[in-house]
Amino acid sequence: MKTSSSSTVAASAATLAKVTGSVAAAGVVAGAATAAYAHFYELNNFKVRHETLPVLPAGTPDFTILHISDMHMIPGQTKKHNFMHSLAAIQPDLVINTGDNLSHMGALPSLVDALDPLFDFPGVYVPGSNCYFAPELKNPLRYFKGPSKRGPEEEPQALPTQKMHDAFNARGWIDLINRYETLSINGLRLEFSGVDDPHIGYDEHPGFAPSATQITDEPSVRLGVAHAPYLRTLNAFVDDGAQAIFAGHTHGGQVCLPGGRALVSNCDIEPSRAKGVSLQNGVPVQISAGLGTSRYAAVRLFCPPEAIVVTLTASDK
Ligand SMILES: [Fe+2]
């Protein structure tokens with residue numbers, strides 16, 4: 001026969017089990033709802049972010065750059081395709097593409113089609129690792145353990161990198177793959193120092209040409225361009241004389257806390273710098289949260305995909 005106190009304990013245990021079960025069930029439902037939101041809604045909730053960088057010589061007219069990055073294209077991404085087409089209405093003076101263009105072996109035609117209207121504008125580009133190697137199915141939690149590195153046993157599948165770059169070049173875009181380059185657009189001389197992807201150690205900094213070699217009185221600006229914003233990369237650009245730096249790679253943290261607070265950057269910069277404009281020794285660094293994700297980690301939370309309109313303005317404006 002049970003005592004009254006053991007009956008109470010049994011009843012409490014039953015109630016606790018019931019409550020715990022309800023909480024667990026609610027947790028499962030909430031988790032499933034969050035995952036569905038992150039995959040089916042936020043992944044395609046494309047935004048345009050606007051930034052202003054006062055880095056041009058006094059009196060220079062505004063110059064508009066469209067910064068795109070981390071498309072991670074796969075065939076059939078109609079919403080991404082349509083959003084990218086809509087960006088042509090911005091009529092930028094220049095497009096900067098900071099790489100990670102593909103996430104599928106057969107996605108090159110889809111990528112070229114999505115970029116088609118943007119090829120009508122002057123453009124420069126650097127590759128990311130996902131321009132060279134197809135993504136692999138792996139534990140998505142690895143993303144939160146620090147910068148992702150390929151294991152020695154993992155054999156990468158090569159993407160059609162050269163074909164992609166040939167398609168870009170055929171439309172007049174210029175590669176900045178470990179290259180210094182200059183362009184004059186709308187009365188502004190742009191000097192670029194670009195590097196191949198630092199994330200896979202392909203980067204070799206070309207620096208900028210000494211100012212003594214300049215043969216024009218045009219106002220000018222020096223821009224560093226890379227896929228992954230490792231500190232060594234940002235510091236090298238700053239040391240070389242860059243006045244602004246453009247990068248992608250971080251996906252803005254991809255799965256963030258409410259308010260967009262990133263937990264990781266997938267490189268060695270602080271997660272708080274994983275998207276937006278921050279300063280590296282006084283030089284503005286514009287980092288894109290990207291337009292896509294790996295096809296094997298197709299979720300975003302409090303970190304919508306984005307393109308960025310960066311207006312360079314005169315420093316005295
Ligand atoms: Fe990426």
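**A close look at Asp-203**

Author: Leaving aside residues up to four places away in sequence, Asp-203 touches Asn-178, Val-195, Asp-196, Asp-197, Pro-198, Arg-232 and Thr-233, where a contact means heavy atoms within 4.5 Å. This is a predicted model, in which local features need pLDDT of at least 70 and side-chain atom pairs count only at pLDDT 80 or more, while totals for chains, interfaces and linings use all residues. Residues are numbered from 1 along each chain as its sequence is written, and side-chain values use heavy atoms, with hydrogens and water left out.

Asp-203 is found in the loop that runs between β7 (188-194) and β8 (220-225), strands being DSSP runs of E with at least two residues and helices runs of H or I with at least four, numbered from the N terminus. With a relative accessible area of 16%, Asp-203 is buried, a word that stands for under 20% relative accessible area, with exposed meaning over 50% and partly exposed in between (1.4 Å probe, protein chains only). One of the residues touched by Asp-203 is Arg-232, and the side chains of these two are joined by a polar contact of 2.9 Å; such a contact is a pair of N or O atoms within 3.5 Å, and within protein one must be able to donate a hydrogen and the other to accept it, while residues adjacent in sequence count only if both atoms are side-chain atoms.

As for the setting, the protein has six helices and 12 strands, and 51% of its 317 residues count as buried.
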